[in-house]
Amino acid sequence: MDFFSSQDKARRNTGRLILLFSAAVLSLIVITNVLVMAAFGVMESGDVYSESFWSMFLGISAVIVAVVLAGSLYKKSALAGGGARVAE
């Protein structure tokens, strides 16, 4: 087993995982915005160029990013104890 090739493979996989995680968060933002705006009837007006539409879009997006960030920080602190914490 070659250490350096394993290290390169791990870096490549990490890059892919970050890309997939970013795509998942972006998809979550879009889907949640569509569902919330459909529930409140914003989509039916068809006025996607209004200021209220974009302020609502940004507000929902900010809440989603805050929840994902809070969850990520919680998980990072939970796993910060080392190998024993990860094994638990």
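## Before we start

Because the model is predicted, local features need pLDDT of at least 70 and side-chain atom pairs count only at pLDDT 80 or more, while totals for chains, interfaces and linings use all residues. Residues are numbered from 1 along each chain as its sequence is written, and side-chain values use heavy atoms, with hydrogens and water left out.

## Helix α1

Let's begin with α1, which covers residues 3–39. Helices here are DSSP runs of H or I with at least four residues, numbered from the N terminus. The expected span is 1.5 Å times one less than the number of residues, so the 37 residues of α1 should span 54 Å. The C-alpha atoms at its ends are 53 Å apart, which agrees.

Just after α1 comes Gly-41, with a positive phi of about 75°.

Which residues of α1 are buried? Val-25, Ile-29, Asn-33 and Met-37 are, where buried means under 20% relative accessible area, exposed over 50% and partly exposed in between (1.4 Å probe, protein chains only). Take Asn-33: its relative accessibility is 1%, so Asn-33 counts as buried. Setting aside neighbours within four places in sequence, Asn-33 touches Met-56, Phe-57, Ile-60 and Ser-61; contact means heavy atoms within 4.5 Å.

Val-34, also a residue of helix α1, has 40% relative accessibility and so counts as partly exposed. Together with Leu-26 and Val-30, Val-34 makes a nonpolar surface patch of about 250 Å². Such a patch joins nonpolar side chains (Val, Leu, Ile, Met, Phe, Trp, Tyr) within 5 Å, using residues with over 30% relative accessible area and no salt bridge. A salt bridge would be a side-chain nitrogen of Lys or Arg within 4 Å of a carboxyl oxygen of Asp or Glu. The areas come from the Shrake-Rupley method with a 1.4 Å probe.

## Aromatic rings

How many aromatic pairs does the structure hold? There are 3. Phe-3 and Phe-4 have ring centres 5.3 Å apart and planes at 75°, so this pair is edge-to-face. Rings of Phe, Tyr and Trp (its six-membered ring) pair if their centres lie within 6.5 Å, with planes under 30 degrees apart stacked, over 60 edge-to-face and the rest tilted. Both Phe-3 and Phe-4 are exposed.

Another edge-to-face pair is Phe-53 with Trp-54, at 5.1 Å centre to centre and 90° between the planes. Phe-53 is buried, with a relative accessible area of 9%, whereas Trp-54, at 43%, is partly exposed.

How values were computed: Helices (H or I, at least four residues) and strands (E, at least two) are DSSP runs, numbered from the N terminus. Patches are made of residues with over 30% relative accessible area and no salt bridge: like charges are joined within 9 Å, nonpolar side chains (Val, Leu, Ile, Met, Phe, Trp, Tyr) within 5 Å.
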